[in-house]
Amino acid sequence: MTPYPAELQLSGRRVVVVGGSGAAHRHVAGLVAAGARVTLVAPALTPALESLVAAGRVDRRPRRYATGDLDGAWFAVAATGDPAVDAVVARDAEAARIHYTWDETRPAPDLPSSGGVVLVGGGPGDPGLITVRGQRALDEADVVVVDHLAPQGLLSSLAPHVEVVDASKLPRGRAMAQERINELLVAHARAGRRVVRLKGGDPFVFGRGMEELEACTAAGVPVEVVPGVTSAVAVPALAGVPVTHRGLTHEFVVVSGHVPPGDPSSLVDWAALGRLRGTVVVLMGVDTAARIAEALVEHGRAPATPVAVVVDGASPTQRVLRTTLAGLGATMAHEAVRPPAVWVVGDVVDLAGTPSPAAGPRVAEAAVGNSR
Ligand code: SAH
């Protein structure tokens, strides 16, 4: 029978996904984007799924499927990779009159030997913020190698034969080694596949994109770059903070905070940043925030300089916290801020409160609700 194509309204409704691999990842990404309350039943998870569980966006039963797991669900997904288990899930769903879908991943069609890699910047998290060219590359992909900060919602619309490879590097958690990622890109391309390397923000802003490009070039694999909307600019913007403003700021600097001031491996001139009048945007600086703020003040920035911290930018859980350099460490601790977050220092922060129209009502509420 031909299936009937329907769009389900699942917002706030319980959905059970059985399985924790790439196939489950793609379904969960779409379900979370649709606002479903997802319960994952799986003994093991890919890193990106693990990060959704750790962030409290998905519930998990860390074991194999058992009859009864579908109780209370409106919809179920059987994506274990084991046809026998999927069949049990389907049978239970039938018995309980719960709609369900199989993981419909199919082998790739015969490929022309025209493999290559496209490094795509996916933007800060909202699937609508990928570029047209990036979306086109995804539409044509055979394999998508994805990071956990890339917009997960884009995975749900991939064609059934597309293989999804989770290459997440979780902060202080599981991570696929960069060498392994490079090898994968090259191996898939050499096998004639069109590979999209889907990254968060822009591939060349603290994204190790150049290393991947060099690995492909060294292996003789054709590689193309599709720039993305970087979180360094877009995440503040979605919170109503412009990184520049006429008459106020003629510069903005984007800094990685992954190593604190004073660390021998730091390449940042913190003293120069302390003397700067303009905007400082810090990425990967949740744990190091207090020490960075201290260094900026020590080198001349006023302790009362306003700071905005934007957590989970461009997602339904976006939060905006307002503080000052002097108060930053305490705010981070008190609000239990976890990555991903961008924080912005400078007078431009005081302009927030009139969120941009493009940000939409959801973001506007977050910015207003949490300001001051
Ligand atoms: N290439 C990416 C940045 C990679 S570094 C880009 O151009 O955006 C990862 C850091 O980016 C995170 O630690 C966080 O500081 C920031 N980041 C990325 N996505 C974010 C988001 N949706 N909300 C808040 N910060 C984000």
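Reader: Is D92 buried or exposed?

Author: Buried means under 20% relative accessible area. D92 has a relative accessible area of 12%, so D92 is buried. Keep in mind that this is a predicted model.

Reader: Where is D92 placed?

Author: D92 belongs to helix α3, which covers residues 83-95.

Reader: Which residues does D92 touch, not counting residues up to four places away in sequence?

Author: Leaving out residues up to four places away in sequence, D92 touches Y65, T67 and L70. With Y65 there is also a polar contact of 2.6 Å between the two side chains.

Reader: How far apart are D92 and S21, in sequence and in space?

Author: Keep the two distances separate. Along the sequence, D92 and S21 are 71 residues apart; in space, their C-alpha atoms are 21 Å apart.

Reader: Now a loop. Where is Q152 found, and is Q152 buried or exposed?

Author: Q152 sits in the loop between β7 (143-146) and β8 (163-166). The cut-off for buried is under 20%. Q152 has a relative accessible area of 13%, so this loop residue is buried.

Reader: What does Q152 touch?

Author: Not counting residues up to four places away in sequence, Q152 touches H25, A29, A48, V146 and D147.

Reader: Let us turn to the ligand. Which residues come nearest?

Author: There are 18 residues around the ligand, and P124, V205, T230, S231 and A341 come nearest. By type, the shell holds 11 nonpolar, 5 polar and 2 charged residues.

Reader: Which parts of the chain supply the shell around the ligand?

Author: Look at domains, then at elements. Domain 2 (116-229) and domain 3 (232-367) each give at least three residues to the shell. Helix or strand by name, α7 (231-238) and β15 (341-345) each supply at least two.

Reader: How much of the ligand does the protein bury?

Author: The ligand taken alone exposes 550 Å², and the protein buries 91% of that.

How values were computed: Residues are numbered from 1 along each chain as its sequence is written. This is a predicted model: local features need pLDDT of at least 70, side-chain atom pairs count only at pLDDT 80 or more; totals for chains, interfaces and linings use all residues. Side-chain values use heavy atoms; hydrogens and water are left out. A residue is near a molecule or strand if one of its heavy atoms lies within 4 Å of it. Accessible areas come from the Shrake-Rupley method with a 1.4 Å probe; for residues, only the protein chains shown count as cover. Helices (H or I, at least four residues) and strands (E, at least two) are DSSP runs, numbered from the N terminus. Ala, Val, Leu, Ile, Met, Phe, Trp, Tyr, Cys and Pro count as nonpolar, Asp, Glu, Lys and Arg as charged, and the others, Gly among them, as polar. Domain bounds come from an automatic or database domain assignment. Buried means under 20% relative accessible area, exposed over 50%, partly exposed in between (1.4 Å probe, protein chains only). Contact means heavy atoms within 4.5 Å. A polar contact is a pair of N or O atoms within 3.5 Å; within protein, one must be able to donate a hydrogen and the other to accept it, and residues adjacent in sequence count only if both atoms are side-chain atoms.
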